[in-house]
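Open the model in a viewer and keep the selection tool at hand. The stops below go from strands to helices, then to side chains.

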Amino acid sequence: KRKLKLSNGRREANLQRRGKMAKGDDNVQRKKNKVTRKKMSRKNDTATVSARIAAIIAAKKRRKSGKRSMCQGMCFTLPTLEDPFNERQGKADITKKKKKKKKVKSREDKKPSPMSIEGVEKMDGPPKFLMLNLNEIESSFRKDITYSEQHDKSLFTSSWGIEFWKCYSSGNDILDTSGMSSTVEQIAWIVSTAADAIARREKDEVEEEEELLGNSPFLLYLVPSQSKASQVRSVCKALKGIGIHTVSLHQGAPLDHQISGLKSVEPEFIVATPERLLEIVTLKGVDISNVSLLVIDELGSLCSGGYLNAVKSIKQAISSKHQTIVFNNSFSASIIPAVQSFLGGSVNRVTVNESVASQGSCITQTVSVCASEEKKLQKFAKHLDSSSSKLIYIVTKEESFKKIMAILKLKGISVSTSSDSKLSEVKKSRKPVAHLIDFEQLDTTVMRDSETVLLPDFFPSIEIYTQILTSMARESAHGVLHSYITEKDAASYQAGPLVNVLENCGQNVPDRWRNMDVAMSD
């Protein structure tokens, strides 16, 4: 008997371990006790309140769970004209009223109004968020040994950055006349300013508008090569922690991979070469119609590489109101038409140096050597006809005023000998206005808004010429400076300094003028 009991016990234990036998009575009893305790706790909860309150709670639970009894909806209800058979059982008609959609402003209207220069000057400096962005970029680059060795200067002390921020806040297009491509310092200020603009815009925008604006990037940075794209993206990478994503588009990477990456990331910044970006835009891989800030870097390299038409097509694809920043790394006169095509209206100039070539960038200079006085006046009259400027400054000798005024009256141009006329008054006038100025009483500060300056009687002093060149057309990329001199006067003129100025500024030097310089040097 003992052996049988032991074998049965072992068998039961083995079966219970394998799950082939029901659990013991203790486990079953525990489950029953657990269910009983739950029932008792429910009874105790309802017992603490009155029967009326418990009924209200139960009805509320039924309504929330959707298990309301049919009779509850039929109580105290009568048929109506809208529901003669009482099919709705007293329930209200569940037809949602169409909400009137708020009129959402487009990006052009909703774009944050740029701060005026007066408001910028009153502020102590750039916004805190912009400075935080610069700090993120600087701290990320300080970890790189090569960067720390080459750039000891802090980004916060950049005079170019402060000037750029003021120009950007004014809402005008920006032209960098340094004659170089963008540096790491300049890229950091541009992307930090763009990130700050995104943050300010998101505070004012509503969800409906975000859907309307689509997924266009805020900043589009055009570069001529893959190496330059990598440099710009390395600066932007530091802003990923604050939610600013950057995508680089260039040759050498699969096109399908770049398109899929654009759709998955929806970046705020795009750094691209014109050819690859135009290819992706054609395939509708990215929408650039609502770009707010366009940067064209190394315009001279883009023109020499044959990308000028591609850049123009990209510019035309941006339909929204946007600001444009151009870094022109060439002083050649052949690049001036390209700069003028990308920058329209009022332009702010920024530079890292104060050289004559930098300040005279994008100002067309011509020196006409004429056989006689009559030929000189004919050339002068021809330039008056071709000028589209409403405000012309004519700097000459006082004894030449009469003959110059006679030519201006024949051309229907208003003449003024006072340089105090305001530009707003000139714009209201239908006729162009010409200011006659005696070079002995010359004040170049009034030429800041003038795009066209004519010098009928060339001066023996190159200092006066450079003073005019570096003072005119400060808010435009359409400056023109024409000079005239007769062969008789040119024979005694030292042409060397003027030839140097023209060559440094990338202007065309007439062969006759260059020969005179060689003859004088001999």
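Select residues 219-222 and 293-296: these are strands β2 and β5, which run parallel and are joined by four bridges. Helices (H or I, at least four residues) and strands (E, at least two) are DSSP runs, numbered from the N terminus; two strands pair if DSSP finds at least two bridges between them. The model is predicted, so local features need pLDDT of at least 70 and side-chain atom pairs count only at pLDDT 80 or more, while totals for chains, interfaces and linings use all residues. Residues are numbered from 1 along each chain as its sequence is written, and side-chain values use heavy atoms, with hydrogens and water left out.

Stay on β2 and show side chains. L220 stands opposite L294 in β5, and L222 stands opposite I296 in β5. Which way do the β2 side chains point? L219 and Y221 point one way and L220 and L222 the other way, and all are buried (under 20% relative accessible area; exposed is over 50%, partly exposed in between; 1.4 Å probe, protein chains only).

Contact here means heavy atoms within 4.5 Å.

Within α14, pick E275. E275 counts as partly exposed, at 43% relative accessibility. Leaving aside residues up to four places away in sequence, E275 touches Q251 and Y307. Its C-alpha atom is separated by 8.0 Å from that of H250, 25 residues apart along the chain.

Now turn to the largest nonpolar core, which has 39 residues. Such a core is a set of buried Ala, Val, Leu, Ile, Met, Phe, Trp, Tyr and Cys residues joined through side-chain atoms within 4.5 Å. Select I137, I190, V191, Y221, F269 and L293, which touch the most other members. Among the elements giving two or more residues are α7 (128-142), α9 (159-170), α10 (184-204) and β6 (323-327); α10 gives the most, with ten. Centre on F269: apart from residues up to four places away in sequence, its contacts include V191, A194, L219, C236 and V247. A second, separate core of 31 residues includes V395, A473, A490 and V499.

Finish at S461, in the loop between β12 (452-455) and α22 (462-469). S461 is partly exposed, with a relative accessible area of 22%. Its side chain makes a polar contact with the side chain of E463 (2.9 Å).

Methods:
A polar contact is a pair of N or O atoms within 3.5 Å; within protein, one must be able to donate a hydrogen and the other to accept it, and residues adjacent in sequence count only if both atoms are side-chain atoms.
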